[in-house]
Amino acid sequence: MYFSVIIPVYNRPSEVFELFTSLVHQSHKDFEVILIEDGSSLKADQVAMRFNSALTIGYFFQENQGQGFARNFGMTQAKGDFFVILDSDVILPPDYLQILDKAISDRKLDAFGGPDAAAEDFSNLQKAMDFAMTSFWTTGGIRGKLKDPSKYQARGYNMGVSRKVFETTGGFLDPKHGEDIEWSMRIKKAGFRLELVAEAFVYHKRKNTLKSFSKQAFSFGRNRVNVSRFHPEAIKLVHWMPTFFLMFLISIVVNAIFVQAFLIPHVLIFAIWSGLVIYQASWKYQSILVGDLAWMTSVIQLCSYGAGLVYELVRKFYRG
């Protein structure tokens, strides 16, 4: 299968260098790379030139329109049978495209989504953020640990579609507000087969600080509401869990200050959850420091997502 790897980028040439390096080492060699510079002032054109002898690269610059529309443009320029869409801050294992090629062929997939993970050489904070975004105790496993792969909603950091899917559905409808989840839902409604390919994971090298991680999680909560404009069924019970978690923590504080009713049971429940998070993260990454940081990032992720969901729902209500 001939792949077109579609990569939008905005002011991150160092990330492009790492991603291109991992593309050079792919065991599956039948692919091209389409790099779309989405209005960057810090361009990656020189990085692309350094890899011209090792990779087939199409480099394009457009005024800033957002990652969704940048990907759409890239797909119009692509020559492949299947478009693999990646964020610039990911790194691919050497067999990524080989695994993907086999999964698409064996399972007759029209589209796919893949999970993300943390590499061994990532920082402790990056590993903690990875845990907060992928753990059962924070996201319920919806980002890559589903029992039924057909229920997966692909994310733009690691997803792909056939040329036919793109030409039939028209690509992304929104530049950057949950556009990947919206397209995933529309692809399935159009009758195409989109599934999770759990083995086709990427290393997601997030550059966040705790502050920017919180802002990102807040925007993810808002984005889920934005997706519901196109698909009213987009908000399910699992997406309310972070809001319930936030309300639970607020109730502990209120109880401690004013009521002091049910305080001990509530604190005990939170302590058990905290212990499970710290234990699992420490075991997974073999570091108690990562475990402690994972507790912090998990609380931040849940509270910020929950607040973002409520915030956007209130805005939607007042806008009518």
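This note goes through the overall build of a predicted model and then through a few of its strands, helices and residues.

1. **Overall build.** The protein has a secondary structure of 12 helices and 10 strands. Its radius of gyration is 20 Å, close to the 20 Å that the globule rule gives for 320 residues, and the protein is therefore as compact as a globular protein of that length. Taken along the principal axes, the box that the C-alpha atoms fill is roughly 65 × 45 × 40 Å.

2. Among the 320 residues of the protein, 52% count as buried. As for charge, the protein has 35 positive and 30 negative charges, whose mean positions are 6 Å apart.

3. **Strand S1 and its partner S2.** Strand S1 covers residues 3–9, and seven of its seven residues are buried, so the strand is largely enclosed by the rest of the structure. The burial applies to both faces, with Phe-3, Val-5, Ile-7 and Val-9 on one side and Ser-4, Ile-6 and Pro-8 on the other. S1 pairs in the parallel sense with strand S2 (residues 31–38), over seven bridges, and within this pairing Ile-7 has Leu-35 of S2 as its bridge partner.

4. **Phe-61 in strand S3.** Phe-61 belongs to strand S3 (residues 57–62) and counts as partly exposed, because its relative accessibility is 36%. Once neighbours within four places in sequence are left aside, Phe-61 is in contact with Glu-37, Gly-39, Ser-40 and Lys-43. Pro-8, one of the buried residues of S1, is 53 residues from Phe-61 in sequence, with the two C-alpha atoms 9.9 Å apart in space.

5. **The open sheet of three strands.** An open sheet with mixed pairing has the strand order S5-S10-S7. Strand S5 (90–91) and strand S7 (116–117) stand at its edges, and each has a single partner strand, so that one side of each is left without a neighbour in the sheet. S7 and strand S10 (residues 202–204) run parallel and are joined by two bridges; Ala-117 has Tyr-203 in S10 as its bridge partner.

6. **Helix H5 and what surrounds it.** Nine of the 11 residues of helix H5 (residues 124–134) are buried, so this helix is largely enclosed by the rest of the structure. The buried residues of H5 include Phe-131 and Met-133, but also Lys-127 and Asp-130. The buried part of H5 packs against strand S7 and against four helices, namely H6 (136–139), H9 (210–230), H11 (263–285) and H12 (288–319).

7. **Arg-193 in a loop.** Arg-193 sits in the loop between helix H8 (179–189) and strand S9 (194–196), and at 40% relative accessibility this residue counts as partly exposed. Apart from neighbours within four places in sequence, Arg-193 is in contact with Arg-107, Lys-108, Leu-109, Asp-110 and Ala-111. Phe-112, which is 81 residues from Arg-193 along the chain, has its C-alpha atom separated from that of Arg-193 by 8.1 Å.

Notes:
Residues numbered from 1 in each chain as written. Predicted model: local features only at pLDDT ≥ 70, side-chain atom pairs only at ≥ 80, totals over all residues. Heavy atoms only, no water. Rg over C-alpha atoms; globule rule 2.2 N^0.38 Å. Buried < 20%, exposed > 50% of the residue type's maximum accessible area, 1.4 Å probe, protein only. Lys, Arg positive; Asp, Glu negative; His and termini not counted. Charge placed at Lys NZ, Arg CZ, Asp CG, Glu CD. Pairing = 2+ DSSP bridges. Contact = heavy atoms within 4.5 Å.
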